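Subject: Structure for your review

Dear colleague,

Please find below the structure that I am handing over to you. My findings follow it, arranged by topic.

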Amino acid sequence: MFNFGLNDYQIALKESVQRYLHSECDLHTIRKIIESSDCFSEKVWNDLANLGLLGMNVPEEFGGSGLGSVDLAVVMECLGSIPLPGPYLETITVADMLVKAGTDEQRKMYLPKIAAGQLVATYAIDEPDGYWCADAVQATAVHSGDDYSLNGRKLWVPYANVADLIICAVRTSQNLNSEEGISLIVFDRQQLDIPVMPLNSMDESYRLCEINLDGLRVPSANILGKIDQGWPIWKEGKGLATLLASAEMIGGIDKSLQMAVSYSRERVQFGKPIGSYQAIKHRCADMLTDLEAVRGSVYYAAWAMQNQLPDAEIAISSAKAYASDAYVRTAEKSLQIFGAIGFTWEHDIHFYLKRAKRLEMAFGDATFHRENVAENWLGPSC
């Protein structure tokens with residue numbers, strides 16, 4: 001039965017991560033990371049590894065904790081409160097795919113290093129048409145001897161500038177339906193000397209890149225799972241990533257609300273704190289309603305995924321659709337309460353609105369996920 005509260009371990013986990021963020025990784029630290037050339041901090045990455053957060057979903061035999069999606073959601077909610085730069089979500093997602101589809105050699109080679117923080121991982125799925133379906137994968141890998149020869153380019157690859165390991169979706173067979181003929185290839189970015197070009201992004205706290213695959217050759221042993229059957233592996237991995245992005249949005253909504261409430265108690269207009277006016281009270285009440293609705297839907301989705309319930313996919317899409325709208329709505333209301341100062345670089349609230357706008361589109365926007373819910377209930381629309 002679904003428990004609406006966290007258990008003792010999850011409460012202790014949440015408090016531990018919050019203590020670390022408060023003492024070692026506050027918004028002052030985040031600003032320094034954002035202003036660095038890589039938008040990445042090795043110290044913070046090592047700290048996360050030392051806290052055991054990078055190996056949470058890695059089995060114990062490979063140096064991890066073997067925890068479930070509810071525990072991961074607890075951590076992502078905490079990390080969303082800052083908001084943290086770096087490919088934490090991406091590395092967790094890659095670890096999940098390796099656990100479920102990797103060969104013994106791939107698991108032994110990569111999972112212990114991921115858990116120890118020695119290996120930064122990401123994925124390269126998106127291409128120029130910007131859609132989230134299998135049709136969009138047009139980069140190719142052609143079998144030649146013992147290798148595959150790659151061609152094409154990948155856009156909006158998270159943190160390819162610092163990643164050691166990249167899982168890339170490529171089309172290995174043509175003339176099949178859209179979800180067939182796609183394979184996932186694991187490769188070491190440093191060994192292949194892959195050209196990486198950072199992209200401009202509205203969210204300065206998150207680095208996106210373009211990588212060019214033309215002419216790259218990778219051994220056949222680098223295929224993740226079976227040839228031509230990579231899309232179901234990514235689809236399952238994307239389910240976890242979507243859930244974690246939704247959990248991250250809980251933290252952002254909560255922090256946006258806290259900042260607005262605190263400011264409305266301090267800011268005085270016409271002799272009274274602005275929080276005493278009905279217009280401000282209503283905005284804060286709406287933000288609190290959004291927060292609790294998102295939190296309930298995300299944790300149910302995490303529990304459904306962890307227990308492999310039939311409605312897990314619907315629950316994840318429902319949570320993502322609501323969270324996508326709610327985070328943007330909350331961040332906008334919070335910024336409006338701050339007024340003009342909220343638009344300045346010196347204030348922190350704009351980081352949350354920009355993160356909200358990025359997460360709104362990540363792994364499918366609200367419309368995409370509402371359509372997914374409808375198709376799961378009613379069948380395809382055409």
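A pocket, as the word is used here, is an open set of points on a 1 Å grid over the protein atoms alone, with protein on both sides within 12 Å along at least five of seven lines. Please note that the model is a predicted one.

The largest pocket has a volume of about 1,100 Å³. It is lined by 39 residues, and those closest to its centre are Lys 235, Glu 236, Lys 238, Gly 239 and Glu 313. Two or more lining residues come from each of helix H4 (69-79), helix H5 (88-101), H8, helix H9 (278-306), helix H10 (312-338) and helix H12 (366-378). Helix H8 gives the largest share, with 7 residues. By residue class, the lining of the largest pocket divides into 15 nonpolar, 14 polar and 10 charged.

The second largest pocket holds about 730 Å³ of space. Of the 35 residues that line it, Asp 126, Trp 156, Leu 208, Arg 358 and Ala 362 lie nearest its centre. At least two lining residues are supplied by each of H4, H5, strand E1 (121-124), strand E4 (153-158), H8 and H11. The largest share here, 5 residues, is that of H11. The lining of the second largest pocket comprises 22 nonpolar, 5 polar and 8 charged residues.

Helix H2 spans residues 27-34, and its buried residues are Leu 27, Ile 30, Arg 31, Ile 33 and Ile 34. These residues lie on the same side of H2, because they cover an arc of only 160° around the axis. On the face turned away from that buried side, H2 carries the exposed residues His 28 and Lys 32. The packing partners of the buried residues are helix H3 (42-50), helix H8 (231-266) and helix H11 (349-361).

A buried aspartate

Asp 203 is placed in the loop between strand E7 (196-199) and strand E8 (208-212). Its relative accessibility is 1%, so Asp 203 counts as buried, the cut-off for that class being under 20%. The side chains of Asp 203 and Ser 205 are joined by a polar contact of 2.5 Å. If residues up to four places away in sequence are not counted, Asp 203 touches Lys 354, Arg 355 and Arg 358. Arg 358 is also among the residues nearest the centre of the second largest pocket.

Backbone geometry

Most residues other than glycine have a negative phi, and most peptide bonds are trans.

The peptide bond from Ile 82 to Pro 83 is cis, with omega near -25°. Pro 83 belongs to the loop between H4 and H5.

Phe 270 has a positive phi, near 55°, and is found in the loop between strand E11 (268-269) and strand E12 (272-273). With a relative accessibility of 78%, Phe 270 counts as exposed.

Phe 363 also has a positive phi, near 60°. Its position is in the loop between H11 and H12. Is Phe 363 buried or exposed? With a relative accessible area of 12%, Phe 363 is buried.

With kind regards

How values were computed
Residues numbered from 1 in each chain as written. Predicted model: local features only at pLDDT ≥ 70, side-chain atom pairs only at ≥ 80, totals over all residues. Heavy atoms only, no water. Buried < 20%, exposed > 50% of the residue type's maximum accessible area, 1.4 Å probe, protein only. Helix = DSSP H or I, 4+ residues; strand = E, 2+ residues; numbered from the N terminus. Arc of directions from axis to C-beta. Contact = heavy atoms within 4.5 Å. 1 Å grid on protein atoms, 1.4 Å probe; cavity = no way out; pocket = protein on both sides within 12 Å on 5 of 7 lines; lining within 4 Å. Points joined across faces, edges and corners; volume = space filled by probe spheres on them. Nonpolar A, V, L, I, M, F, W, Y, C, P; charged D, E, K, R; others polar. Polar contact = N/O pair within 3.5 Å; in protein donor to acceptor, adjacent residues only side chain to side chain.
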